[in-house]
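Hi,

Here is the structure we talked about, for you to open alongside this note. Have a look first, then read on for what turned up.

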Amino acid sequence: ARRLAADGTRVALLARRADKVHGIAKEINEMAGAELAHGFLHDVADRNKVEPLWAVIEEKIGEVGQLYYLAGVMEEVGRDEFDTEKDARHFIVNTLGSVAWVNAAAARFQKQGAGVICGVTSVAQDRGRVRRPAYNASKAGMDTHLEAVRNRLWRKNVCVTTIRLGFVDTPLTRGVPGMFWLISADRAAELILRSVQKRKSIAYVPARWRPLMFVIRNIPSVIFRRLNV
């Protein structure tokens, strides 16, 4: 949001925490010397609120031309734990929340004949890992849905970019074992926007994840199942 507003783009920020979302919007507006940012309270688990909230956003900032979906949950799961309720939360936020917002954007952008949809999935979606089965699967579902929407909209001049994000230094990853190649949130934002500007279909962020994930995807299952990843 800060990087988009720095170029004069009007932005709507959505989050569950009022102090955070309104605080960042206020900071952006003070730096810009103009009312470019507006904060809105929203929980992506409430899919029924997408359409009415979209209308409220457009009343504030005008016609929306870009959507960035970055919401996600990653709960810790015990090696021998199979908890359907916990697993369901991953799909509600990571997959269905994305589907609801991407569908809302796609329906509008195809009529406009232009637009940008950017969904941030994860490098974790490339394989079914021992540590977090539902997280991996929910991100894979999001990734596949974005591909399908991209294949539907390319004739309509709508850019749909899938960001397969590596590890970013945020509260989501802080203290989680096994994190490496950590980058800052601002660096991630820079690389995400660069990928969108280049109208990439799929981008690994940072790019060094691409060759690593190629190797991981091609590890035979009989070996991969023995790895504690």
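Let's start on the surface: V222, I223, L227 and V229 make up a nonpolar patch with about 290 Å² of accessible area together. For patches, the residues must have over 30% relative accessible area and no salt bridge, with like charges joined within 9 Å and nonpolar side chains (Val, Leu, Ile, Met, Phe, Trp, Tyr) within 5 Å. The areas themselves come from the Shrake-Rupley method with a 1.4 Å probe, and for residues only the protein chains shown count as cover. V222 sits in helix α8 (residues 221-224); helices here are DSSP runs of H or I with at least four residues, numbered from the N terminus. V222 counts as partly exposed, at 47% relative accessibility, where buried means under 20% relative accessible area, exposed over 50%, and partly exposed in between (1.4 Å probe, protein chains only).

A word on the ground rules. This is a predicted model, so local features need pLDDT of at least 70 and side-chain atom pairs count only at pLDDT 80 or more, while totals for chains, interfaces and linings use all residues. Residues are numbered from 1 along each chain as its sequence is written, and side-chain values use heavy atoms, with hydrogens and water left out.

Now the charges. How many salt bridges does a search of the whole structure find? The count is 13, taking a salt bridge as a side-chain nitrogen of Lys or Arg within 4 Å of a carboxyl oxygen of Asp or Glu.

- E27 pairs with R2, the closest N and O atoms being 2.7 Å apart. This pair links distant parts of the chain, with E27 in helix α2 (residues 18-32) and R2 in helix α1 (residues 2-6), 25 residues apart. E27 is partly exposed at 30% relative accessibility, and R2 is partly exposed at 45%.
- R108 bridges to E51, with the closest N and O atoms 2.6 Å apart. R108 is in helix α4 (residues 84-112) and E51 in helix α3, so the pair ties together parts that are 57 residues apart in sequence. Both ends are partly exposed, R108 at 21% and E51 at 42%.
- R187 and E190 meet at 3.0 Å, N to O. They both lie in helix α6 (residues 185-197), three residues apart, about one turn of the helix. Salt bridges that share partners join R3, D186, R187, E190 and R194 into one network.

On to a tryptophan. W54 is in helix α3 (residues 50-61). Is W54 buried or exposed? W54 is buried, at 2% relative accessibility. Leaving aside residues up to four places away in sequence, W54 touches V64, W101, A104, A105, R108 and F109, where contact means heavy atoms within 4.5 Å. R108 is also the salt-bridge partner of E51.

Last, the cysteines. A disulfide here is a pair of cysteine sulfur atoms within 2.5 Å, and by this rule the count is zero. C118 is in no disulfide, and its nearest cysteine sulfur, that of C159, is 8.2 Å away. C159 is likewise in no disulfide, its nearest cysteine sulfur being that of C118. Both cysteines are buried, C118 at 1% relative accessibility and C159 at 3%.

Cheers

Technical notes. Helix = DSSP H or I, 4+ residues; strand = E, 2+ residues; numbered from the N terminus.
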